[in-house]
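The sequence and the structure come first.

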Amino acid sequence: MRLICPHCGYHANTRTSTKMSPLTGHAYYACSNVDCGHTFKAAFEIVGTISPSAMPNPAIVLPFCKGVGKNHKTMSKSIPLKESA
Ligand SMILES: [Zn+2]
């Protein structure tokens, strides 16, 4: 998953990620702007199901949520996820 660098606004690419649980993890990013050079860590969490799995794991319980739909734009100026402690 690409994020926007919070300092310069360029795309930042994932360098590596670590899984904390089946639903959470951390990802390490590097800004693609060579003049910026920011590297940072972000937290991610799977928060809902849009379309159910054909191979459901009974241990995974997620609420259903709406998808973005084809008429919605993707977040080109997304705000990076906050890291919890
Ligand atoms: Zn940057």
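S2 and strand S3 (residues 24-31) are paired antiparallel through 7 bridges. Strands here are DSSP runs of type E with at least two residues, numbered from the N terminus, and two strands pair if DSSP finds at least two bridges between them. The model is a predicted one, in which local features need pLDDT of at least 70 and side-chain atom pairs count only at pLDDT 80 or more, while totals for chains, interfaces and linings use all residues. Residue numbers start from 1 along each chain as its sequence is written.

A hairpin of 4 residues links S2 to S3. S2 also has an antiparallel partner in strand S1. The two pairings are set out below.

| Pair | Bridges | Opposite residues |
|---|---|---|
| S1 (residues 3-4) and S2 (residues 11-19) | 2 bridges | Ile4 and His11 |
| S2 and S3 (residues 24-31) | 7 bridges | Thr18 and His26 |

Between S1 and S2 the hairpin has 6 residues, and Gly9 in this hairpin has a positive phi near 90°.

In total the chain has 4 strands and 0 helices, a helix being a DSSP run of H or I with at least four residues.

Buried residues (20 or more other C-beta atoms within 10 Å of their own, with C-beta atoms placed from the backbone) account for 6% of the 85 residues. Beyond its neighbours within four places in sequence, Tyr29 is in contact (C-beta atoms, placed from the backbone, within 7 Å) with residues including Leu3, Ala12, Thr39 and Phe40.

Notes
A residue is buried if 20 or more other C-beta atoms lie within 10 Å of its own, exposed if 12 or fewer, and partly exposed in between; C-beta atoms are placed from the backbone. Two residues are in contact if their C-beta atoms, placed from the backbone, lie within 7 Å.
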